[in-house]
Structures are given as structure tokens and as C-alpha cells.
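Here are my notes on this one, as promised. Have the viewer open while you read.

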Amino acid sequence: MLKVLNKNIYLFILFFLLLLLCYFYLMIGISSFSVLEVWNVLTNNKLISGTQFVVGDVRFPRVIIGILCGAMFAMSGSLLQCVLRNPMAAPDILGVNSACSLFILLFTFFIPNSFAFSNLIYAACGGCIGFFVTILSSLENKRINQTRLIIVGVAVGALFKACCQFIIMQSDERQSSLVSFLTGTLYHSSWNSVQQIIYPACFLIFITFFLYRQLDILLLSEETSSSIGFKVTKWKVIVILLALMLASVAVSGSGSLGFIGLIAPNIAKILFGYSHKYNLFGSCLIGATLTLLSDLIGRIIFPPYEIPAGLVSIIIGAPYFLYLMKNIGRYK
């Protein structure tokens, strides 16, 4: 009972910190506003046109995109780590994010006037291809070699990212925006982009929360799971596809944010243990917080210039990635 209470307290603290960060995010930047000014914008009270534009039309969509994409990257990483039984498994580490970015850029160049949700479909196709290329290249005697999985994933990601850079080099008009997208940024967030991802994002997140029992069973050995009538292969396929869809929608909204899907689930395990009933909520909140914090740091550290959130998240996550690489031999 005490442990459950502690987990609920942790969730409340994380939720409160996220809300506090959101409000702080809306307040500060090149143009800073008081607590009351931001509150007036949020409540449509005594609006001032300049404040309304900066807070309501520029920063608020970035907050929503950051929360949704950060949560999806984190949950995707949590699902992949569960299925693959590897704490280093994450959509960016396994080449999924880079493959999503490549397909979005590729089809944007060849089919410039696409329909409204085309980026989601392109990203989903790329994510699936990137993941299965990594998995097939990591097989050893029909089993996944966990050490090879990470090495191959990084190599596949680098290959897809090089292809992205080649495509960007062919573009003279939108180079800076495309480079930012490849790195991961919330700079281009708008109410239009919020409308494009909010429904699939909320649906996928909602579905994921209801799979916590199946995810806990997947942590058991295959023999134990099968002995209680659990269809291991079927649920592995479902969870992997769900993880890929989460990552694909996130990439279409914010580009490839590095290490969010790696760090957030591992911090959640430290705070909440391996039970996904609390772990998923924790990953979700931590991923959203890390994404917003990375973007906030990128906005305010060298004004008026912005550092893409993806670069900041890489700086934050790289030391932890190196720490996990030291212990990679344990995961077999």
C-alpha cells in the first residue's frame, strides 16, 4: 500500500512539474510576459493583440506538440524495451526515427502537394521499413543478438540520416527548415500541425495505456507466458506495430528528437519499477517534460537564435547512452 502511495505521489509530482514547465514556457523567451498576462491569454480575458499572438498562436501550439510528441517517443521506447528486453531499445537508436524522416522528406520532394495526413502515412511506412531492416540485420541463429541490435540500429539510422542530408542538399529554398526537421524541432509548430497529429496521437496513447497487463506478461519468459494461454507472438507483433505508429506520428509532428525514447522509460523504471500500470504514465510525463525542457533551453540560451530541441536532447541523453553502452554485454 505504501509503495502504491509513493508511486501516485511521484506521478502527481511529475504532472505538477509538467504543468509548471508549460506555464513557464509560455512566459519566457525573446518576449517575456508576466504570470497575469499569460493567464489572461489562456482565459481570453483582457486580450492584447501582441501577447495573444506570441503566447496563444506561437508558443501554445509548441507546448501541445511538445507534450504529445515527447509522450509518444517515450511510450514507443517503453514498448520496444519491453518486447526486445533491452533497455537501450528506442525508436531513434533502432533507426526508426531516421527512416520516418527520410520517407517524409522523400515524398515531400516528389509529391509536393500531398493530402492533409500524408506525412503520417509516409512516416509510418518509413518507420516499419527502418525497424525491420534493423531487426533482420540483427538476427543470429534466428534470435536477436542484443549487442548487434544496437550497433546495427545506430548504423541503419546513420545511413537513413545520410540519405536525408543528401535530399536536403538538393533543396536550395528550404534547407534551414529541413535541417531543423531532421534534427528535431518544435519551431514550425502551429495550430494546423496540432490538428494533424492530435487525434492519432491521443488515440494511440489511449490504446497503449490499456495494454499494461499484456506488457507485464511479455516481461515473463516465453515458456511461462505460453503456459497460461498467452499468445506471445501475436501480442509482440501488436506491441511492435503500436510502438512504430507512436514513433511515426511523433516524427511527423516534431522531427527526429534524439534520446527521448531512450531516457524517459529508463527513468520511469527507476521511479516506478517494471510494472507498466505506472511505468507507462511515468514515461509519458517524463518524455513530455524532457521535450518541452529541451525546446525551452534551445529557445532561451542564445536569443534571438534558436537551437533545435533535438540537439539539446542529444546533449542531455548522450552521456546516459554511453553509460548503457558500457553495460551492453548484460542484455542477451
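1. Ground rules first. This is a predicted model, where local features need pLDDT of at least 70, side-chain atom pairs count only at pLDDT 80 or more, and totals for chains, interfaces and linings use all residues. Residues are numbered from 1 along each chain as its sequence is written, and side-chain values use heavy atoms, with hydrogens and water left out.

2. The chain has 14 helices and 2 strands (DSSP runs numbered from the N terminus: H or I of at least four residues, E of at least two). Of its 332 residues, 52% are buried, meaning under 20% relative accessible area; exposed is over 50%, partly exposed in between, with a 1.4 Å probe and protein chains only.

3. Take H8: 19 residues, spanning 26 Å from first C-alpha to last, close to the expected 27 Å (1.5 Å times one less than its number of residues). H8 bends by about 40° at Ile197, with Pro200 following within four residues; the bend is the angle between axes fitted to the seven residues ending there and the seven starting there. Ile197 is also among the buried residues of H8, as are Val194 and Ala201.

4. I count 5 aromatic pairs (ring centres within 6.5 Å, using the six-membered ring of Trp; planes under 30 degrees apart are stacked, over 60 edge-to-face, the rest tilted). Phe60 and Trp191 are edge-to-face because their planes sit at 75°, with centres 5.7 Å apart. Phe60 is in H3 and Trp191 in H8, so the pair ties together parts 131 residues apart in sequence. Phe60 is partly exposed at 28%, and Trp191 is partly exposed at 35%.
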